[in-house]
Amino acid sequence: MIVDDFLPAYDVSDGVATVVEADLATTWNALMNVDLIEVGRRRPLVGMLGALRTLPDVVSHMLHGDPPAAPEHLRLRDMTSLPPDQGGWILLGNRPGDEIALGLAGKFWRPMIEFASVTPQTFRDFAQPGYAKTIYSLSVRPLGERQTLLSGMMRTATTDEHARRWFRRYWTIGIGSGAHVLVNGLLDVTREMAEARSPTPVS
């Protein structure tokens with residue numbers, strides 16, 4: 001998996017999975033087209049958690065007279081064109097019909113995250129002290145002709161003991177549960193989309 005290539009050793013890992021009653025191609029297409037803004041509308045807790053996490057950055061932009069424009073739609077592919085402080089992620093890899101992986105490096109425990117400048121080429125070996133690296137991997141696996149396993153995997157590794165202590169505090173105050181809810185909401189809405197688009201089998 002892409003996640004193993006970029007982050008084989010890690011401090012924290014969390015996984016979510018759901019079975020989709022649709023074929024692999026339909027499920028992958030739904031994953032690539034699911035609107036994260038719509039996920040927040042359909043799953044209010046997901047929307048609230050996302051809004052709380054970005055609030056400090058939004059306030060900072062407003063105080064500097066530069067309020068960020070809220071996107072009307074936000075798909076996974078759109079996130080790779082945004083700066084990190086506006087919800088952007090780095091595309092680490094995309095194997096169509098298999099797996100997509102997004103990454104970030106930063107001091108996530110700060111109210112306003114201090115992001116590190118990394119690229120797909122530098123992410124794996126990034127080791128600047130005081131930071132953490134996070135990967136979200138989303139994948140599909142066939143379970144049958146009309147059934148697919150849709151999975152989400154999150155891994156985080158820290159670059160030194162100081163960052164490790166801070167990240168563990170951040171993770172244990174409930175951020176870990178929040179991250180789980182966010183990914184679970186994404187997969188759940190993707191499943192609903194795929195099943196709605198899946199043709200009814202002929203009896």
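Biologist: Which residues does Thr-26 touch, leaving aside those up to four places away in sequence?

Modeller: In this predicted model, Thr-26 touches Ala-194, Arg-197 and Ser-198. Thr-26 itself belongs to helix H2, which spans residues 24-33.

Biologist: Is Thr-26 buried or exposed?

Modeller: Thr-26 has a relative accessible area of 15%, and because this lies under the 20% cut-off, the residue counts as buried.

Biologist: How should I read the nonpolar residues?

Modeller: In soluble globular proteins, nonpolar side chains tend to be buried together. Here the largest nonpolar core has 37 residues, and Leu-31, Leu-76, Phe-108, Leu-138 and Phe-167 have the most contacts inside it. Several elements supply at least two residues each, among them strand E1 (12-20), H2 and helix H6 (161-197). The largest share, eleven residues, comes from H6.

Biologist: What is Phe-167 in contact with, apart from its neighbours within four places in sequence?

Modeller: Phe-167 is in contact with Val-12, Phe-108, Trp-109, Ala-132, Thr-156 and Thr-158. There is also a second, separate core of 15 residues, which includes Ile-2, Phe-6, Ile-90 and Tyr-131.

Biologist: What should I note about the strands?

Modeller: In a regular strand the side chains alternate between the two faces of the sheet. In this model, E3 and E5 pair in the antiparallel sense over eight bridges, with Gly-103 opposite Ile-135 in E5. E5 also pairs with E6, again antiparallel, over twelve bridges, and Ser-137 stands opposite Met-153 in E6.

Biologist: How many residues lie between E5 and E6 in their hairpin?

Modeller: Two residues lie between E5 and E6 in that hairpin.

Technical notes
Residues are numbered from 1 along each chain as its sequence is written. This is a predicted model: local features need pLDDT of at least 70, side-chain atom pairs count only at pLDDT 80 or more; totals for chains, interfaces and linings use all residues. Side-chain values use heavy atoms; hydrogens and water are left out. Helices (H or I, at least four residues) and strands (E, at least two) are DSSP runs, numbered from the N terminus. Buried means under 20% relative accessible area, exposed over 50%, partly exposed in between (1.4 Å probe, protein chains only). Contact means heavy atoms within 4.5 Å. A nonpolar core is a set of buried Ala, Val, Leu, Ile, Met, Phe, Trp, Tyr and Cys residues joined through side-chain atoms within 4.5 Å. Two strands pair if DSSP finds at least two bridges between them.
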